[in-house]
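Biologist: I would like to learn how to read a structure like this one, one feature at a time. Could we look at the model together, with the general idea before each case?

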Number of protein chains: 2
Amino acid sequence: MSKKFGFELIKTAHDSRARLGTITTKHGTIETPVFMPVGTQATVKTLTPEELKEHDTSIILSNTYHLFLRPGSKVIKNIGGLHKFMHWDGPILTDSGGFQIFSLNKIAKIKEEGVYFNSHINGSKQFLSPEISMEIQQDLGSDIAMVLDEPVSPLSSYEYTKKSNEMSLRWARRCKDSHHDENQVLFGIIQGGMFKDLRKQSLESLLEIGFDGFAIGGLSVGEPKDLMFELIEYLSPLLPKEKPRYVMGVGKPLDIIKGVLNGIDMFDCVIPTRYARNGTLFTSVGKVVIKNEKYTNDASKLDPNCLCYTCRHYSRAYLRHLFKAQEILSLRLNTIHNIFFYNSIMKKIREEIKKDSLLDFYERNVKAFSV
Amino acid sequence: MSKKFGFELIKTAHDSRARLGTITTKHGTIETPVFMPVGTQATVKTLTPEELKEHDTSIILSNTYHLFLRPGSKVIKNIGGLHKFMHWDGPILTDSGGFQIFSLNKIAKIKEEGVYFNSHINGSKQFLSPEISMEIQQDLGSDIAMVLDEPVSPLSSYEYTKKSNEMSLRWARRCKDSHHDENQVLFGIIQGGMFKDLRKQSLESLLEIGFDGFAIGGLSVGEPKDLMFELIEYLSPLLPKEKPRYVMGVGKPLDIIKGVLNGIDMFDCVIPTRYARNGTLFTSVGKVVIKNEKYTNDASKLDPNCLCYTCRHYSRAYLRHLFKAQEILSLRLNTIHNIFFYNSIMKKIREEIKKDSLLDFYERNVKAFSV
């Protein structure tokens with residue numbers, strides 16, 4: 001583990017597996033459990049870095065796949081790295097590019113050496129390998145890099161999943177071998193589809209290679225929620241206590257709190273930002289679909305219990321008007337609120353773990369989280 | 001003139017007709033000459049009120065036509081007026097709705113009683129009269145309201161223009177008669193197309209009715225620029241010195257400074273905001289079309305002499321990337337810069353008038369203004 005990086009486990013709850021911790025990076029400290037807003041193209045859509053900070057964001061995720069294709073990681077490297085490029089001086093986690101290749105390119109070809117695919121922007125032929133993913137992420141200069149893997153569909157057969165898993169582990173080794181940036185740490189990703197023995201095998205191999213943190217990949221991709229939590233519950237006690245744990249692509253508020261109760265420290269998801277742009281807002285009084293006619297003359301604030309910029313200054317009537325009129329400010333104000341709602345949930349979760357009352361809090365508030 | 005409103009003429013330049021003044025409204029004081037960014041649908045596209053203020057905006061314009069159709073002026077009135085609705089506590093000028101009806105509805109029917117037109121949003125039949133325009137603008141609670149008029153095409157015949165002009169003057173009288181909001185002042189609009197005698201007649205009639213300020217309408221709508229300035233030059237000495245003067249819909253930086261040299265105090269235009277969204281940026285070193293490939297690796301700031309938020313924190317390379325990637329933050333950062341560029345020009349203009357050197361400044365910098 002790099003000297004610049006550290007995970008401190010402050011506390012584990014008595015009534016659940018929930019953990020309180022801090023992750024230290026060269027660009028600042030993150031209190032966990034944490035939610036990471038997604039800044040796919042070197043911007044968390046619609047927001048400035050100042051707005052993210054003002055609304056309690058401590059780390060963002062950016063997508064290697066997108067930045068590799070546009071503007072290209074060398075462009076960003078030449079400007080001085082991703083932090084400088086996008087004017088965000090807090091921690092950044094970059095994914096490996098794998099997930100996006102497979103979700104945006106139906107005809108991607110996976111070989112032992114890497115993935116051949118066509119750019120979703122202009123159709124150009126592209127190639128990504130473990131070594132190239134490491135080079136890109138080091139060019140970007142993120143604080144946390146992820147290994148390249150093949151995210152296996154939950155519908156894949158045992159046979160296919162096993163084979164893919166073995167290749168992903170060889171890729172993980174190649175990532176580790178080609179990663180040399182001591183300002184950046186590397187997380188392994190546990191794959192293995194819906195099969196516990198393959199998941200366990202994946203974890204054991206990753207532990208053997210050695211990583212600074214462990215993600216559970218290939219979840220929240222359409223499998224039943226019960227199955228997702230069954231796997232998280234199964235893996236959680238097997239994960240090393242002294243390393244951060246990250247479930248990728250999760251999720252809705254309820255999924256996040258359930259993840260935390262199962263010992264997960266880190267989450268990312270496009271839901272708060274994407275829903276915001278579609279006019280769906282998470283509030284302490286339930287989901288608000290802001291285009292609804294009933295808000296036409298509603299002078300009240302979006303969420304009576306919220307202190308975000310949007311809730312401090314605007315009425316539901318104005319938010320509805322902006323959305324209906326397709327004004328860009330609508331997307332901004334909605335995104336600010338949803339991001340702050342997520343970050344506020346994480347803050348509340350950390351407070352409840354401190355007081356050893358998260359499980360109780362969850363049970364009393366299941367409904368509020370089910371937005 | 002309302003007690004809440006006042007125009008103070010601080011100085012007239014020695015070398016030109018340029019004037020320095022202040023306009024006092026219930027929502028604050030405006031230094032003139034001033035540029036008013038356009039907030040068509042109760043938002044200056046992409047920006048928050050805080051960003052407008054931080055970048056030296058002292059008054060905005062909002063469009064009666066758009067707010068009348070959506071969300072409706074009664075909605076805004078119920079929320080507490082336009083200032084509260086959009087969270088802008090500075091001065092607001094609203095236009096009368098006339099110009100938009102004619103530019104967005106090719107089949108609008110003008111009768112003595114008012115204009116019949118179809119909504120550009122849903123095709124519904126609508127009617128706007130001088131009395132209704134006053135009611136809407138009073139519902140909105142803007143600081144400065146404009147009379148409803150027919151903006152005549154510069155291609156119209158003398159005969160048509162004369163007839164239209166006479167009707168516009170009857171409408172101006174009806175506006176005055178139905179305007180009762182003492183927190184709001186009413187400006188008259190000089191029409192008369194490209195004909196000096198009709199312009200003079202329009203002005204004289206408006207003076208007789210009595211208004212708190214005078215706009216020159218029907219300019220910057222496709223007529224040759226020379227003709228526009230010939231008319232402004234002609235009208236300027238006829239306008240009362242103690243009232244603010246406003247040329248509607250103007251313009252580019254060069255047009256504005258020429259307007260100021262001819263004694264105009266107020267301007268509005270969608271150019272800085274619209275150009276920004278199209279990626280065309282005004283800078284002290286010329287126009288920048290940010291999508292151009294040559295900016296791909298350009299680590300320099302957009303404008304070396306600019307202190308706006310965008311120029312303080314981002315490179316041309318990042319601005320190009322955001323624009324190419326169609327990110328919303330691109331539209332924001334571009335708009336911030338163009339608005340600040342315009343407001344900075346106005347500030348510079350006011351400083352030069354103070355020093356009695358605007359004409360000289362203009363002659364030395366014609367090229368810089370010709371962006």
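Biologist: Through how many residues does the hairpin join S2(B) to S3(B)?

Modeller: Helices (H or I, at least four residues) and strands (E, at least two) are DSSP runs, numbered from the N terminus, and two strands pair if DSSP finds at least two bridges between them. Here the hairpin from S2(B) to S3(B) passes through two residues. Five bridges join S2(B) to S3(B), residues 28-32, and these strands run antiparallel; B:Thr24, for instance, stands opposite B:Thr29 in S3(B). Before we go on, note that this is a predicted model, in which local features need pLDDT of at least 70 and side-chain atom pairs count only at pLDDT 80 or more, while totals for chains, interfaces and linings use all residues. Residues are numbered from 1 along each chain as its sequence is written, and chains are lettered from A and ligands numbered from 1 in the order in which they are written.

Biologist: How many bridges join S1(B) to S2(B), and which residue stands opposite B:Glu8?

Modeller: Six bridges join S1(B), residues 6-12, to S2(B), and this pair is again antiparallel. B:Glu8 stands opposite B:Thr22, while the bridge partner of B:Lys11 in S2(B) is B:Leu20. The hairpin that links S1(B) to S2(B) runs through six residues. Taken together, the three strands of chain B form an open sheet in the order S1-S2-S3, with antiparallel pairing. S1 and S3 of chain B are its edge strands, each pairing on one side only.

Biologist: Which strands stand at the edges of the sheet in chain A?

Modeller: Chain A has an open sheet of three strands, ordered S1-S2-S3 and paired antiparallel. Its edges are S1 (6-12) and S3 (28-32), which each have a single partner strand, so one side of each is left without a neighbour in the sheet. Five bridges join S2(A) to S3(A), and among the paired residues is A:Gly21, whose bridge partner in S3(A) is A:Thr32.

Biologist: Is S2(B) mostly covered or mostly open?

Modeller: A residue counts as buried if 20 or more other C-beta atoms, placed from the backbone, lie within 10 Å of its own, as exposed if 12 or fewer do, and as partly exposed in between. By that rule S2(B) is mostly covered, with five of its seven residues buried. The helix H14(B) is mostly covered as well, since 22 of its 27 residues are buried.

Biologist: How far does H14(B) reach from its first C-alpha to its last?

Modeller: The expected span of a helix is 1.5 Å times one less than its number of residues. H14(B) reaches 39 Å with its 27 residues, close to the 39 Å expected. Just after this helix, B:Asp356 takes a positive phi of about 55°.

Biologist: Where does B:Pro71 lie, and why does it count as buried?

Modeller: B:Pro71 lies in the loop between H2 (64-69) and H3 of chain B, and it counts as buried because it has 24 C-beta neighbours inside 10 Å. Two residues are in contact if their C-beta atoms, placed from the backbone, lie within 7 Å. Leaving aside neighbours within four places in sequence, B:Pro71 is in contact with A:Thr296, A:His321 and B:Ile76.

Biologist: How many residues does the contact between the chains take from each of them?

Modeller: The contact takes 30 residues from chain B and 30 from chain A. On the side of chain B that touches chain A, H3 (73-79), H4 (82-86), H13 (316-324) and H14 (328-354) each supply at least two residues, and H13(B) gives the most, with five. Ala, Val, Leu, Ile, Met, Phe, Trp, Tyr, Cys and Pro count as nonpolar, Asp, Glu, Lys and Arg as charged, and the others, Gly among them, as polar; this side of chain B has 15 nonpolar, 11 polar and four charged residues.

Biologist: Which rotation superposes chain B on chain A?

Modeller: Copies are superposed by least squares on the C-alpha atoms of residues with pLDDT of at least 70 in both. A rotation of 180°, with 0.0 Å of shift along its axis, places chain B on chain A with an RMSD of 0.0 Å, and that is the relation of a two-fold axis. In chain B, the C-alpha nearest the axis belongs to B:Ile328, 3.8 Å from it. The same surface serves both copies, as 100% of the contact residues of chain B recur in chain A.
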